[in-house]
Amino acid sequence: MDVAFLLNYFTTAFGFLVAYCTYKDFTSFEDSKSKKFHSIFSIYTNGKSLINLKQPDNAITCINGLKALSMPLIILFHSFQVTVFETEELRVQYDDIKFRLLLTAAVLPTETFFVLSGFLSVKSFLYDDNSIFKLLKSFYYRYIRITPSAIFLMLILISIKDFNGLSRIFESENQNCKDYWWSMLLYAQTYVNPNQMCIGPLWYVTVLMHLFLVSPVIMFLLKSRAKNVRLAIMGVFLVLTYVPGIIEFLEVGSVKLTTFYVDTLTRSYPYLFGMFYFYEFFKVKEVSEFGKRYLWAITLLTGFITAIIIFAKSLKTVQLFNLFLIARILWPIVICWIIHACHIGCAEMINDILSFKYFIPLSNLSLGIYLVNDHVGHYILYDVLSSMEHFGFPMKAPDNAITCINGMKALSMPLIVFFHTMQITMFETGVLSNVEYQFIKYRLLLTTAILPTETFFVLSGFLSVKGFLQNENSVFKLLKNFYYRYIRFTPPAAYFMLILLSIKDFSGLNGIFPAEYQNCRTYWWSMLLYTQTYVNPDHMCIGPLWFASVSWHLFLISPLILLLLKPRDRKIRLMVMGIILFTTHIPGIVKYIEVGELVNTIQSYLYVETLTRSYPYLFGMFYYYEFYKIKDVSRSTKLYLWTITFLTFIFALIISINNPMPMEPTSVLFLVTRILWPLALCWIIHASQLGCGGIVNKILSFKYFIPLSSLSLGIYFLNDHIGHYIMNDVLKSVENEGFKTKVVALSSSTYILATFCGALLYLCIEVPFYKLARFNIRSQFCVSKNPKVFDDKI
């Protein structure tokens, strides 16, 4: 019988069984045998047990934290290994890092699981030592807990040839499972076929099963002996675990991975140590002060050695391995002592962290995560990430792209979302009547709303010059740029406006956006003409579209400003730039003279006025036009510009934190920061292109910022409305928490949902209409044969 058919048949039948049992379990209220049977396969009952955060009174709760925190390290190593394996260049470049991660993020975390398994096995065997039947039952339970999941995963790997595109990923495991399925079921593959395992991560379960089988024998040897004899037996066993590695090292001068990594005897050291510690020392309730200091010193030393292995780049491989052997000997002592210290109450802070109740479900899932994480990582790398480009998400920037811009956009958007959701939370919780919270809102308005949107204006001005200079000799190309710009913004905005107009028919939603519903009916035309910041600034159809309106106005006048600059001498150009930049501040100055308060001037006039918000856009234009072409910048100039950049971000940080400065001095500091902000951003871009951006450029050029950068327009359009929509549900779930918890919960959930909805808007509306516009122009006038997806991503 074909394995794929068998898998499909089994999965379908089992799915019906689970669905039926879940339904019967959920609807039955009688405590009968049928109820108990239904609960076995019920998602309802099993799901409740998974997320049950209550522990027995005698539970060692810190173990949950040790398991939950070890698993991400193992996933980190597997993910790193999968990524580096892709190219020969990466394998050579990151070979040293891979070895360090193998020792610290793969071997030591799995050692933690071995220690915990040995530790807990003694606890169960001590309770069942008077009954052979209970002992056999423990073996049976152990086998049944692991094997069905492994069989299901094996069937998937064997039948994977029939799944489109996946067979190339797991081709070797597909064949291994066909040839050695029996050794996997007998948990003998680490000896029978160590280099051709059916399911690679199952080596851990295989070794664990072997050790679990010999545990009663070891317990029997220890039980009736005197303490000195027991300690001697323990020492002999622990030394024996290193014998295979020592022999191989003496014979060939090195230790193979199969001998060190998946061999039962070699990996038995932490398991046996966990057994011995529980049997001999865990019952000790009072530890002397000297003993505590000694054990904490060992713990700190082990952590220090581990840090050296990770970060000391000057050490050679042999030196790293010698340090690792010391750390591996000490590691089980550290884990056992942490558990012991938490249990006897002399490590309260560590116990509070490791006993965090939300580690319980993660601890329960650790085995399943370990079995599937490697395969999931391969699948994501080969299929999901590569398919993002086919769906329209750019994952690779062009060779001449300014890559750090993607990071600036991707990192600015969460700040804007945070301010919008904080504003919603303040309004709903009624804290705005408090003067302290009014000041907090004002600070965050300056640093998480105005400055991040200034970032987008700077980037728009910077890139607009690049586009206009390429098309400066063609009026048609200039008009084409305006057309593309309009088509980029308008279809998503029009679609969103239609949603708001039809929202009266959606149950419960018309109560959330009644003002915008009426505004869209009255002023839909001003939105499509991008004049709502002048025609109806207080009755906008889509509030966040003020940014697109202002950006569109500035984009229209950009060619005129460039025309003023083009034929001039450099000094005249700089003077014209200075006059234009100073002009952008005149409305604010006049407003301040009229009002007499800087705070009210900033809040009422700075946010949506085109002339007032034109300063960063124009600065970005002028910097690109005048300075970006300079390739040789003196050392003193670099130092001066980096100092300004550093001070600008320090000023922004001072404004955002809860400092004792009153509102007026805070406003003055913000104005200084706002003047310097475009210079800081332009210099970061310039420095990145000159090769002196350092770690700043590496962070901002992280390739996964590219899709987030592409989604920034959709996220900006949607985040405020999504925040209002999900506000009631999110705030209700954390109604007993503090204000900060509510803000974090709402902002994180809003950003995730806005990103998802923004992706749909990008794929279904934004990109298709933009490509259609380009196709029409190209087919009619034959302007370009190979256009890029977006000339201007701002």
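**View 1. The whole chain, before zooming in.** Of the chain's 794 residues, 47% count as buried (under 20% relative accessible area; exposed is over 50% and partly exposed lies in between, with a 1.4 Å probe and protein chains only). This is a predicted model, with local features needing pLDDT of at least 70 and side-chain atom pairs counting only at pLDDT 80 or more, while totals for chains, interfaces and linings use all residues. Residues are numbered from 1 along each chain as its sequence is written, and side-chain values use heavy atoms, with hydrogens and water left out. The secondary structure comes to 35 helices and zero strands (DSSP runs numbered from the N terminus: H or I with at least four residues for helices, E with at least two for strands). Take the contacts with a separation of 6 or more: residues 24 or more positions apart account for 76% of them (contact means heavy atoms within 4.5 Å).

**View 2. F462 and its two tyrosine partners.** The structure holds 42 aromatic pairs (rings of Phe, Tyr and Trp, using the six-membered ring of Trp, with centres within 6.5 Å; planes under 30 degrees apart are stacked, over 60 edge-to-face and the rest tilted). F462 and Y624 make an edge-to-face pair, because their ring centres are 5.0 Å apart and their planes sit at 85 degrees. F462 belongs to helix α21 (residues 435-470) and Y624 to helix α29 (residues 610-626), so this pair ties together parts 162 residues apart in sequence. Both F462 and Y624 are buried. F462 also pairs edge-to-face with Y628, at 5.0 Å centre to centre and 85 degrees between the planes. Y628 sits in the loop between α29 and α30 (635-656), so its pairing with F462 in α21 bridges 166 residues of sequence.

View 3. Ring pairs link F113, F114, W203, Y204 and Y370 into a cluster. The backbone oxygen of Y370 also lies 3.0 Å from a polar side-chain atom of N373. N373 has its place in helix α19 (residues 366-390) and counts as buried at 10% relative accessibility. Not counting residues up to four places away in sequence, N373 touches I75 and H78.

**View 4. Two arginines over phenylalanine rings.** R142 has its charged end over the ring of F212, 4.4 Å from the ring centre (for a charge over a ring, NZ of Lys or CZ of Arg must be within 6 Å of the centre and within 35 degrees of the ring normal). R485 does likewise with F555: its charged end sits over that ring, 4.4 Å from the centre.

**View 5. S121 meets Y271.** S121 is in helix α6 (residues 95-128), and at 4% relative accessibility it counts as buried. Set aside the neighbours within four places in sequence, and S121 is in contact with F212, S215, Y271 and M275. S121 and Y271 are 150 residues apart along the chain, with their C-alpha atoms separated by 9.3 Å. Their side chains are joined by a polar contact of 3.3 Å (a pair of N or O atoms within 3.5 Å; within protein, one must be able to donate a hydrogen and the other to accept it, and residues adjacent in sequence count only if both atoms are side-chain atoms).

View 6. Helix α26 (residues 570-583) has 14 residues and reaches 20 Å from its first C-alpha to its last, close to the 20 Å expected at 1.5 Å a residue (the expected span is 1.5 Å times one less than the number of residues). Its buried residues are R573, V576, M577, I580 and L581. Looking down the axis of α26, these fall within an arc of 130 degrees, so they line one face of the helix (the arc is that of the directions from the helix axis to the C-beta atoms). That buried set packs against α25 (546-565) and α29. K571, M575, I579 and F582, on the other side of α26, are exposed. D569 caps the N-terminal end of α26, with a side-chain oxygen 3.2 Å from the backbone nitrogen of K571.

**View 7. T455 in helix α21.** T455 has its place in α21 and is buried, with a relative accessible area of 2%. Leaving out residues up to four places away in sequence, T455 touches M408, S412, W677 and L681.
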